[in-house]
Amino acid sequence: MNRIIMFCFCLFASIIVNAQIKLPQLIRDSMILQRDAKINIWGWASKGEKVSVKFNGKTYKTTTGNDGKWAVQMVPQTAGGPYTMDISGKNKITLHDILIGDVWLCAGQSNMVHQMILHGIRYANEIAHANNSEIRQFWVPNITNLEAPQNDLPSGSWKWANPTDVQQFSAVAYFFAKALYKKYHIPIGIINASWGGVPIESMMSEDALKDFPNILTTVEKNKDTGYVNETNRKAFAAMQAMPKPEDKDMHEKWYEPSYVPKGWRTIAIPGYWEDQGVKDLDGIVWYRREIDVPASMINTSAKVFLGRIVDADELYINGTKVGSTGYMYPQRRYAVPDGVLKAGKNLFVVRVTNNFGKGGFVPDKPYQLIAGNDTIDLTGYWQYKVGAVNVHRKNGAFTPAIALQNQPTALYNAMIAPLVNYTIKGFVWYQGESNTDRFDEYAKLQPAMINDWRSKWQQGDLPFLFVQLPGFMDYNYQPSESNWAAFREAQAKSLSVPNTAMAVAIDLGEWNDIHPDRKKEVGDRLALAAEKIAYSENIVYSGPTYQSQTIEGNKIIISFTNTGSGLATSDGEAPAEFAVAGDDKKFVWANAKIEGNTIVVSSDEVPAPKYVRYAWADDPVNPNLINKEGLPAAPFESNIP
């Protein structure tokens with residue numbers, strides 16, 4: 001037995017002693033390194049191993065510490081490449097096709113995730129003609145850790161902007177990089193660390209949360225993996241134990257042309273079934289309709305646009321499953337396989353699953369069959385039948401599961417911490433939809449995250465650029481309170497942190513889509529902010545920003561910064577979306593006019609105005625104030641003590 005133990009010990013020691021050099025996932029072929037700054041290169045090897053890094057005519061030497069880590073810091077480099085890098089110890093690694101340029105960490109939730117391919121109709125030409133080996137993206141895999149910051153990622157690689165790989169680039173980040181490349185003609189690297197639906201605290205370190213005791217309590221509780229696993233086990237078991245609705249629709253094959261429909265009713269697409277006589281139904285609803293397709297549309301590639309559907313869907317044509325989507329947010333754009341369509345009548349069947357809230361087809365989206373140059377409109381009256389009804393849970397019936405990616409520190413530990421040694425130019429941040437109900441807290445969380453990230457990177461006050469949320473949800477034609485408006489105001493408070501800039505997107509939203517299609521404008525505005533903040537260009541980079549107000553009788557005179565060449569409106573009409581209130585803070589619409597670089601607002605209903613708001617709504621109807629450079633004004637509420 002002792003001999004076996006000794007043999008195992010010696011074998012383990014041999015493995016440690018002979019450990020080969022290992023590099024972090026970021027340091028790979030085709031990486032872009034930060035120009036004009038000291039560059040960190042690091043990795044792991046056996047204790048005491050001598051390591052050398054040869055790059056661009058210089059050699060850097062170090063020795064691995066007791067913890068198995070080694071690091072060198074290379075002298076600043078000018079933009080250029082491609083280069084090779086030799087890293088030598090007991091083994092040798094050669095990295096190829098390395099460029100020197102500017103590297104930006106792009107992070108956030110789904111609007112930073114959204115890849116070019118998800119907006120492939122609008123940006124089809126951009127995708128087809130992408131051909132720039134000096135714009136590259138490193139996509140950080142979606143992983144979580146609730147216990148501690150991690151040293152490395154499990155996988156990853158650098159990809160350059162070609163028609164195939166650019167499809168997986170973040171659309172916002174790609175257009176940001178493309179605009180900077182057009183301006184400066186240097187390599188631009190994007191490190192994208194984003195995850196849809198996550199709150200800001202998931203990307204904050206435990207250090208950053210030190211002033212938020214309630215959140216820290218959750219952090220400590222989640223470090224107990226037994227607690228997390230048991231909670232999720234119980235939640236899963238409770239869901240499995242719930243009565244399942246009868247799934248006779250699939251057994252009877254309602255999607256087959258041979259099925260004889262009985263008891264189907266009429267319903268309109270687009271629209272939600274709760275708005276068409278079906279009360280509070282969560283479950284499965286089937287839609288069917290025969291579509292007449294001319295012979296001219298048969299022998300060519302075809303696709304079906306089904307707008308957006310809440311929540312999940314499956315599309316069948318003539319009994320063949322053409323496509324499916326498992327959640328509500330993506331646009332439904334399905335390619336029809338060859339041979340599925342036929343001249344004459346074609347049976348279209350859609351199986352829609354809705355888990356809560358209104359279910360059905362989102363209005364004001366495209367619903368079409370497209371083949372060649374011909375299009376058939378799919379809107380109008382269909383037939384529907386309920387396939388299954390979910391059993392509603394009683395309050396407190398089960399403990400909800402812990403969504404790991406939404407937990408504080410979970411993404412910082414796993415997706416951000418492994419990046420902090422990598423020298424970068426700055427940060428680009430597009431997040432907030434998951435925090436809109438906690439706007440007061442967000443006004444403190446975002447500055448705390450900015451300061452903490454800067455502290456972790458140890459590169460001074462790195463530029464931090466962020467997107468103010470666009471308009472979303474129903475239009476409201478009366479002045480009203482709005483969480484999204486208050487949240488935008490909370491975002492803007494981060495501008496008090498040095499070396500920050502905000503890209504206003506209030507005019508780029510879609511009332512029925514939390515993921516608006518116009519990503520290029522967002523990227524372009526972020527690039528303008530970078531030119532000003534990171535590259536010290538003397539440019540107008542932002543639209544009018546509230547500065548102060550003065551009250552003269554029944555008028556409020558509003559002054560702005562970032563007026564550029566002067567104030568204007570996007571439609572040539574009087575400024576819209578201004579509201580005023582007196583001491584009671586009951587806002588009414590105001591008349592507004594441009595006088596020089598100020599806006600003068602008043603209302604006969606408020607003889608003693610004290611407060612003013614602009615574009616204060618979830619989705620303001622016509623936020624038309626701009627500067628003459630064409631950049632939109634940021635929504636605001638004046639704050640008079």
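1. A residue is called buried when its relative accessible area is under 20% and exposed when that area is over 50%, with partly exposed in between. The model under review is a predicted one, and the points below should be read with that in mind.

2. Leu153 belongs to the loop that lies between β8 (132-139) and β9 (158-161). Its relative accessibility is 6%, and because this is under 20%, Leu153 counts as buried.

3. What does Leu153 touch, leaving aside residues up to four places away in sequence? Its contacts are Gln25, Phe138, Val140, Pro141, Ala414, Met415, Pro418 and Leu419. For Leu419, which is 266 residues away from Leu153 along the chain, the separation between the two C-alpha atoms is 8.7 Å.

4. Strand β19 (residues 344-354) is mostly covered, in that 8 of its 11 residues are buried. It pairs in the antiparallel sense with strand β13 (residues 283-293) over 11 bridges, and in that pairing Arg289 stands opposite Phe348 of β19. Strand β16 (residues 312-317) also runs antiparallel to β19, to which 6 bridges join it, and here Leu315 stands opposite Val350 in β19.

5. On the surface, Tyr475, Tyr477 and Val621 form a nonpolar patch, whose accessible area comes to about 310 Å² for the three residues together. Tyr475 is placed in the loop between β25 (464-467) and α10 (483-492), and with a relative accessible area of 41% Tyr475 is partly exposed, whereas Leu153, at 6%, is buried.

Technical notes:
Residues numbered from 1 in each chain as written. Predicted model: local features only at pLDDT ≥ 70, side-chain atom pairs only at ≥ 80, totals over all residues. Heavy atoms only, no water. Helix = DSSP H or I, 4+ residues; strand = E, 2+ residues; numbered from the N terminus. Buried < 20%, exposed > 50% of the residue type's maximum accessible area, 1.4 Å probe, protein only. Contact = heavy atoms within 4.5 Å. Pairing = 2+ DSSP bridges. Patch = residues over 30% accessible without salt bridge, like charges linked within 9 Å, V, L, I, M, F, W, Y side chains within 5 Å. Areas by Shrake-Rupley, 256 points an atom, 1.4 Å probe, with all protein chains shown as cover. Salt bridge = Lys/Arg side-chain N within 4 Å of Asp/Glu carboxyl O.
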